[in-house]
Amino acid sequence: MRDRAIFAGQLIFTLLVAAFLIVPALLSMLAGVTANYFRGIRSGLTLQWVLQVWELYSDTIFRSFLIAFAALAVTLVVGVPAAYALHIRNDRLSRAVEEIITLPLAIPGLAIALALILTYGGFAGFRGSWLFILAGHAVFTLPFMVRAVLAVFATIDIKTLDEGAASLGAAPWRRFRDVIVPNARPGILAGSLMVVTLSLGEFNLTWMLSTPLTKTLPVGLADSYASMRLEVASAYTLVFFVMIIPLLIAMQIFAGTRGSAVGAAR
Amino acid sequence: MIVFRRSRRSTRAAIVMTKRAFAGLCLIPLAILVAAFFVLPLARLVATGASGELGIKAYAAILLNERYRTTLTNTVLLAAATTIATLAIATVTGLFLQRHKFPGRALVVAMLTFPLAFPGVVVGFMIILLAGRQGLIGEATLRLFGDKEVFAYSMGGLFLGYLYFSIPRVILTIMAAVEKLDPSLEEAARALGAGPWAVYRDVVLPGLNPAFIASGAIAFATAMGAFGTAFTLATDVAVLPMLIYTEFTLSANFAVAAALSVGLGLVTWAILALARTYGGATVAAAG
């Protein structure tokens, strides 16, 4: 009897916490397709707000995808070889390098953005282009890629595989391409999902790095929260959810099949 | 035979040599990226902090100037309150969800982890929908008590926003830690006559300590640096990231903004480094 009461109490508490998190998200999804949020659902369902968001902000959506995939390309080209090198060398230098590249996780995005602006703000062409935002995103997401790949290297005997291929006469570049990368694939995939998700939602850095001509989706969201009617802001948020949910589901499936590696990378 | 051995050893040495050289090559793109867009800018930030009228004393002003000190205190208190509340909530729900199987459990877990990918700005909007001028809580209190309760734009709203942001992350860490607890320890305690509360107090909670330290440090550091939520709520509460932002963009006070950013970065970095020393496994902060 007492156990049942404790169980019920915990269940109610857990459901309340879940409601706190999910109710506002559902409200915003609903508000985005409601004709008049103030009058409620009776006013009817409509797609006019979503269409208005598309007219006003579609450029931010495309730019966010452009930056996310560019950040993915950079972190793949830079991060995967680096993870291999850090794993192989495993000396004091590589630990110091690992420490430095994970620093962007410990330092607030606002500080990194200020640092970038103070350094490159004078280069107007660079400052005003989407590449400036990419620079920030690449530095911020890189540790997630490196860590995800390192996590996989820690579970397989990469040194033996590498030496085996070497003793068969494969050149370093070929070994990297044909042996290391295929074996690191789960980590690369987990890291890629992380990088794209984080880049799409990044605001702390991006707000400062963007210009009125290089707004990304989260920057546009902040803009709409401040200046648009609630229905438009909600419809815009709905668009963001639609973009981000498949990535979240992919991460969940992936985490399910591979233990908690994705969670660990986070 | 000897000749063969020697040649094998030398090819092995050659392999190791080229391998180290290749590993070095692999680090070059990383070195360029990180030097150009992280190390150099950070050095510039630290230098700018000392370049104003106050010179190097700008860093001392963070603590000596009353306005900055009040903001810093506010931010630390808010971050600490967020951390404690998040840990308490996440421990109760995490333990419950990991220990009980019931219909709909997967759905509840999905609901609790869904906001993981929400940036701070979106979290701010969620709080506006809950406690803002057209919010749910306002509507409910208006109908029940005839008085519209709106607190999204105050300290309470900010606190709620930070809770919203950190609960999913901390719950995941705690659930993973609960899963790794050794159930035989609890059975032993029970067999020795410990009641359910004693088992929790003396066995379960100490076992979760590393997870508390790791996830608590992240919640604290994230709350210290959170900008998006405070920005969306356009809050009148002075928190450090908002102060840095206004100093930089509105007052064009670059030196003070840089000094405050360096101070903030040092605090969050130190918290995470301490947690890593005392808490074992770390999880990275995001957002």
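Trainee: What percentage of the 266 residues in chain A do buried residues make up?

Mentor: This is a predicted model, in which local features need pLDDT of at least 70 and side-chain atom pairs count only at pLDDT 80 or more, while totals for chains, interfaces and linings use all residues. Residues are numbered from 1 along each chain as its sequence is written, with chains lettered from A and ligands numbered from 1 in the order in which they are written. A residue is buried if 20 or more other C-beta atoms, placed from the backbone, lie within 10 Å of its own, exposed if 12 or fewer, and partly exposed in between. On that count the buried share of chain A is 49%.

Trainee: How many helices does chain A have?

Mentor: Helices are DSSP runs of H or I with at least four residues, strands are runs of E with at least two, and both are numbered from the N terminus. Chain A has zero strands, and its helices number 13.

Trainee: Are H3(A) and H6(A) roughly parallel or oblique to each other?

Mentor: Helix H3 (residues 92-106) of chain A packs against helix H6 (residues 130-155) of chain A at about 120°, with the axes 8 Å apart. Axes are lines fitted to C-alpha atoms over the stretch in contact, and angles run from 0 to 180 degrees between N-to-C directions. Angles under 35 degrees count as roughly parallel, over 145 as roughly antiparallel, 65 to 115 as roughly perpendicular and the rest as oblique. H3(A) and H6(A) are therefore oblique.

Trainee: Which residues of H6(A) make the contact with H3(A)?

Mentor: Two residues are in contact if their C-beta atoms, placed from the backbone, lie within 7 Å. H3(A) brings A:Ile101, A:Thr102, A:Pro104 and A:Leu105. From H6(A) come A:Val139, A:Phe140, A:Leu142, A:Pro143 and A:Val146.

Trainee: Which helix of chain B gives the most to the side that touches chain A?

Mentor: The contact between the chains takes 64 residues from chain A and 72 residues from chain B. With 20 residues, the element of chain B that gives the most is helix H1 (residues 2-49).

Trainee: How many charged residues does that side of chain B have?

Mentor: Asp, Glu, Lys and Arg count as charged; Ala, Val, Leu, Ile, Met, Phe, Trp, Tyr, Cys and Pro as nonpolar; and the others, Gly among them, as polar. The side of chain B that touches chain A has 57 nonpolar and 13 polar residues, and its charged residues number two.

Trainee: What distance separates the centres of domain 1 and domain 2 of chain B?

Mentor: Domain bounds come from an automatic or database domain assignment, which gives domain 1 (1-49) and domain 2 (57-279) in chain B. Four residues of domain 1 of chain B are in contact with eight residues of domain 2 of chain B. Taken over C-alpha atoms, the separation of the two centres is 40 Å.
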